[in-house]
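Hello,

Here is the structure I promised to pass on. Please open it alongside this note; my findings follow.

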Amino acid sequence: AELYGIRNWGAGYFDVAQSGDVVVYPFGDNRGPAVSIPEIIRGMRERGYDMPVLLRIENILDSQITSLHQSFRKAIGSLGYKGEYRGIFPIKVNQQQQVVEKIAQFGSRYHHGLEVGSKAELIAAVSQLRDHEACLVCNGYKDEEFIDLGLHAVRMGYKCFFVLEMASELPLILERSKCLGVRPLIGVRAKLSVKAGGHWTDSGGERSTFGLTTAQIVDVVDQLKDHDMLDCFQLLHYHLGSQVPNIRDIRAAVMEACRIYGGLVAEGAAMGFLDLGGGLAVDYDGSHTNYVSSRNYSLDEYCADIIEAVMNILDEEGIAHPHIVTESGRATVAYYSMLLFNILDVSRVEIGNLPDILPDDCPEPVRNMREALAGLTLRNLQECYNDAVYYRDEVRQQFLTGRITLRERTLGERYFWAIMKRIAQEKQKLKHVPKDLAEIDVALADIYYGNFSVFQSLPDSWAIDQLFPVVPLHRLNELPSRQGILSDITCDSDGRIDHFIDPQGVKGTLDLHPLKDGEEYYLGVFLVGAYQETLGDLHNLLGDTNVVSVRVHEDGSYEFVRELRGDSVADILSYVEYDPRRIIDDIREAAEQAVREGRITPSDRYRVMQAYEDGLRGYTYFER
Ligand code: PLP
């Protein structure tokens with residue numbers, strides 16, 4: 001567990017059992033029943049589910065929503081705050097129906113609402129949310145149809161707010177409200193001057209593309225006044241960006257927003273809701289720092305700091321405490337999904353036995369590498385490294401011009417890697433390892449080929465080098481003796497994971513076990529419930545993975561409550577506009593032609609067609 005930092009990033013949900021299996025504590029706090037993930041995998045395989053699988057533990061979602069509300073309630077109670085907390089889930093973070101349904105179900109105890117940013121998201125939200133006390137916040141640019149859908153939701157009793165992202169949205173909202181005879185609930189998204197650090201925080205700050213300046217906000221007040229609708233202006237929203245690692249930025253933003261909120265109350269707007277947007281970070285690397293993959297605050301600190309900051313500013317101005325809304329997405333759903341996959345193969349840097357004597361006609365650069373290897377000592381590591389790289393390039397160059405044979409080039413490569421291996425061993429004795437030499441470990445690492453697609457299942461790992469915890473799911477009572485990187489099964493060199501969590505920061509290789517004959521080796525990528533599913537793409541036509549949702553009972557028994565088959569090959573081909581029936585017709589025609597040409601017999605044709613029809617029904621990933 002220590003090697004992989006599980007207790008640091010696991011938030012009380014994950015650990016390692018004595019058996020060496022990774023276990024999940026569905027109720028958190030590393031307490032209660034512990035369920036072995038490899039055992040869940042066995043259950044899935046018995047039910048015919050192939051890897052990769054996205055596993056969701058429903059209890060974790062329930063627990064995350066509960067902790068968010070309990071932490072806010074604790075802060076509100078202990079500080080004597082007069083408003084309430086109203087959390088909402090931004091659908092964009094995971095729009096999958098079963099996710100939104102569960103959020104609506106688990107959140108109903110707390111009036112947990114939804115945030116939407118498009119017409120499709122609004123329709124999905126209205127279909128899932130039954131609680132009229134919960135907030136339904138419409139962000140995003142709104143056309144007439146979007147506005148009408150929101151107004152109809154108000155008519156049905158939903159607490160549906162239109163948050164103005166652009167000043168130009170207001171006249172249309174006013175016009176449609178009059179037309180449909182519905183008084184709208186209106187909010188504005190403010191552009192704050194505060195900007196947070198982090199990967200995903202471009203949506204905050206004065207230069208952000210979203211939101212209204214203070215001048216535009218004042219203009220909204222004036223327009224609403226003119227229409228005698230200031231009572232409709234009830235919410236102030238801002239969004240600093242996602243994954244805000246530093247609590248200081250969160251506090252500074254709340255304080256600035258409170259000043260604007262106070263100004264709006266002074267202008268006569270009804271107000272009552274302060275919506276702080278998302279940003280509550282996930283400690284992906286478990287470092288508890290303000291590094292981009294982490295956060296330097298606990299949930300309790302987040303809640304207490306917000307409530308305290310709001311009280312400080314608004315009490316000073318004598319303004320009633322608003323209900324606090326946050327749009328936490330990442331922190332709500334990240335923990336509850338994990339990607340599970342098997343390793344298909346491993347490739348290692350193999351050197352084999354080097355010859356005792358080189359033939360007389362052995363090319364010069366190969367001979368030089370052999371000498372460099374023989375003369376390698378702790379004192380000349382960098383020099384040997386430089387020589388090896390130089391002579392290897394020479395070998396490649398001479399091969400290209402036909403002066404070196406294929407076998408001679410192969411021998412040169414083996415000497416090169418033999419030098420690298422020796423340097424890797426010797427450099428461990430150095431106090432300060434030069435950068436070139438430090439990178440040798442990654443170059444020498446084994447490549448573990450995993451049955452998954454980075455592009456489909458972990459797009460942020462590829463696009464922005466986001467760190468996700470990756471852990472072997474079993475054999476953790478054996479010392480992992482290999483260093484590896486992970487390659488997926490797309491034939492794209494970007495389809496790899498080569499940055500991993502390390503107690504000292506980030507490292508280029510992962511500690512892994514050698515494969516055992518006839519035994520599967522399973523890995524899990526954790527904390528993938530936020531953003532990864534709908535951002536994923538169909539690179540190499542690898543589709544959605546199987547999804548299995550598990551609910552654990554108090555006694556530790558569990559059930560597979562929901563199973564979704566991943567895309568079949570036919571599904572995926574239809575996404576890129578092929579018609580599977582037409583495909584079969586076309587292949588049948590090609591096979592019939594092969595019969596006519598005497599290449600295959602009619603019964604061969606039958607088998608060919610069976611194979612293609614089975615292939616279309618099959619999973620897009622590697623099937624054993
Ligand atoms: N609210 C808005 C308006 C957003 O754009 C986002 C995402 O960036 C969120 C909420 C969710 O943020 P997070 O996942 O950090 O909670």
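Which elements cover the buried residues of H7? The cover includes H6, S8, strand S9 (185–189) and helix H8 (214–226). Bear in mind throughout that this is a predicted model.

**Helix H7**

H7 has 12 residues. From first C-alpha to last it reaches 17 Å, close to the 16 Å expected at 1.5 Å a residue. Its buried residues are Glu 169, Leu 170, Ile 173, Arg 176 and Ser 177. Viewed down the axis of H7, they fall within an arc of 135°, so they line one face of the helix. Pro 171, Glu 175 and Cys 179 are exposed on the other side. Gly 181 follows H7 and has a positive phi, near 65°.

**Helix H6**

H6 spans residues 144–155. Its 12 residues reach 16 Å from the first C-alpha to the last, close to the expected 16 Å. Buried here are Phe 146, Ile 147, Gly 150, Leu 151 and Ala 153. Down the axis of H6 these buried residues fall within an arc of 155°, so they too line one face of their helix. The face turned away from the buried side carries exposed Glu 144, Glu 145 and Arg 155. The buried residues of H6 pack against helix H5 (119–128), strand S7 (135–138), strand S8 (159–164) and helix H7 (169–180). Just after H6, Gly 157 takes a positive phi of about 110°.

**Nonpolar cores**

The largest nonpolar core holds 149 residues. Leu 136, Ala 257 and Leu 340 touch the most other members. Leaving aside neighbours within four places in sequence, Leu 136 is in contact with Gly 113, Leu 114, Ala 125, Leu 129, Ala 153, Tyr 158, Lys 159 and Cys 160. Another core, of 18 residues, lies apart from the largest one. Among its members are Ala 372, Leu 376, Leu 381 and Ile 404.

**Around the ligand**

Which residues come nearest to the ligand? Of the 18 around it, they are Ser 242, Gly 278, Glu 327, Gly 329 and Arg 330. The shell divides into five nonpolar, 10 polar and three charged residues.

Ser 127 is worth a look in relation to Arg 330. Ser 127 lies in helix H5. It is exposed, with 12 other C-beta atoms within 10 Å. In sequence, Ser 127 and Arg 330 are 203 residues apart. In space they are 22 Å apart, C-alpha to C-alpha.

**Backbone points to check**

- Met 51 and Pro 52 are joined by a cis peptide bond, with omega about -5°. Pro 52 lies in the loop between helix H2 (37–46) and strand S4 (53–57).
- Met 271 is not a glycine, yet its phi is positive, near 55°. It is found in the loop between helix H9 (247–266) and strand S11 (273–275). Is Met 271 buried or exposed? Met 271 is buried: 21 other C-beta atoms lie within 10 Å, and the cut-off for buried is 20 or more.
- Asn 540 also has a positive phi, about 60°, although it is not a glycine. Its place is in the loop between helix H19 (532–535) and strand S22 (546–552). Asn 540 counts as partly exposed, with 17 C-beta neighbours inside 10 Å.

Best wishes

Key. Residues numbered from 1 in each chain as written. Predicted model: local features only at pLDDT ≥ 70, side-chain atom pairs only at ≥ 80, totals over all residues. Near = placed C-beta within 6 Å. Nonpolar A, V, L, I, M, F, W, Y, C, P; charged D, E, K, R; others polar. Core = buried A, V, L, I, M, F, W, Y, C linked by C-beta atoms within 7 Å. Contact = placed C-beta atoms within 7 Å. Helix = DSSP H or I, 4+ residues; strand = E, 2+ residues; numbered from the N terminus. Expected span 1.5 Å × (residues − 1). Arc of directions from axis to C-beta.
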